[in-house]
Amino acid sequence: MLAAAAALAALLSSCATAQAPRIALEYYEIGNAWLAMEKWDKAGAAYERALAYDRSLVAASYNLARALAEAGAYPRALEVLERLRSDDPDNVRLIAFRAYVLNKSGDDEAALAAYRRAAELNPRDAGTLRNLALLLERAGRDGEALVILRELYAVNPADDGVLRRLALLEARRVSGTRGSGESPAPGEESAPAITSTAAAAASAEEDALTLLSAYLSRKPGDREVLRARAELREARELFARAQEDWAALAQADPADGEAWFRLARIRLVVAGDREAGMEALRKALDAKFSDSKAAAALLAALPEAERAKPAELLKAAGLSE
């Protein structure tokens, strides 16, 4: 009797063991279904069940890490990834995903190192390179980010995300070469520069404007890029075009006091359009524009005979004496 019971138990155990891979795959497929629906907790639970039946199911471990990461359980996701990497330390997919999880968890330094390693192992992977460039930019290493973005854009100029980051970084770089990064007010003199340096700067500014305009031709509603172009056009004394950009920004967001003020400044100082300039200045002040230094520069750039009305408005707003 006891021998028969033992034999039956052994048989059942054997059957369960034989069925384990099939059951694991079933739970894995269930997990995939929950993952597709972005039900991270349920997906994670299904993958855990799959792995309970078959610990060697690598795909379940990888997707478990994905579910944990999307659920915000970053330490647990990293533990799963480390287990996977212990068997395959140079697996680019695992390294890149680990970098993603580290980035999501806020550990930018470790994420940057991981993306560097992934890029070393697979220097042609555009996604990895884009993320590496983004983290380099966030770390203030714009020069390194630009090198990567230029290469990516050369390979695939149709990538809007790459073009946007490249255009903004190039604009920021050329603005930085102007010293403070602020454009002189219309009517102010810029410091003289060495001819070769000035030519190189002008060429770089033209390249940045070309990139900004290329992106805006695809995405005209991107206000950050439009503002960068407006500032660069004004800095290059392309006042008619800068005026168009500032007007577009002000119309897109009537509460943008800076856009209204820059529009007023060009209209009053450069275009000599007093009526439209005063209207824009009123709207800037209504939008709570509060830069007293810029206000003083505006008055100083105006002919003395034309200062009274703008000065009155600015004084009423507390921006001049």
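**Helix 13 and its two partners**

Helix 13 and helix 14 lie roughly antiparallel to each other in this predicted model, because their packing angle is about 160° and angles over 145 degrees count as roughly antiparallel. The crossing of helix 13 and helix 14 is left-handed. On the side of helix 13, the residues that meet helix 14 are Gly257, Trp260, Phe261, Leu263, Ala264, Arg267 and Leu268, while helix 14 contributes Arg274, Ala276, Gly277, Met278, Ala280, Leu281, Lys283 and Ala284. Sorted by class, this contact of helix 13 with helix 14 comprises 10 nonpolar, two polar and three charged residues.

Helix 13 also packs with helix 15, which covers residues 292-301; the two axes come within 10 Å and cross at roughly 10°, and helix 13 and helix 15 are therefore roughly parallel to each other. Here Phe261, Arg265, Leu268 and Val269 of helix 13 make contact with Ala294, Ala295, Leu298 and Ala301 of helix 15, a set that divides into seven nonpolar residues, no polar residue and one charged residue.

Elsewhere in the chain, Ala99 lies in helix 5, which runs over residues 92-105. Ala99 counts as buried because its relative accessibility is 0%. Setting aside residues up to four places away in sequence, Ala99 touches Ala111, Ala114 and Tyr115. The C-alpha atoms of Ala99 and Ala110 are 7.4 Å apart in space, with the two residues 11 residues apart in sequence.

Notes. Residues are numbered from 1 along each chain as its sequence is written. This is a predicted model: local features need pLDDT of at least 70, side-chain atom pairs count only at pLDDT 80 or more; totals for chains, interfaces and linings use all residues. Side-chain values use heavy atoms; hydrogens and water are left out. Axes are lines fitted to C-alpha atoms, for helices over the stretch in contact, and angles run from 0 to 180 degrees between N-to-C directions. Helices (H or I, at least four residues) and strands (E, at least two) are DSSP runs, numbered from the N terminus. Angles under 35 degrees count as roughly parallel, over 145 as roughly antiparallel, 65 to 115 as roughly perpendicular and the rest as oblique. A crossing is left-handed if the near helix is turned anticlockwise from the far one by less than a right angle, and right-handed if clockwise. Contact means heavy atoms within 4.5 Å. Ala, Val, Leu, Ile, Met, Phe, Trp, Tyr, Cys and Pro count as nonpolar, Asp, Glu, Lys and Arg as charged, and the others, Gly among them, as polar. Buried means under 20% relative accessible area, exposed over 50%, partly exposed in between (1.4 Å probe, protein chains only).
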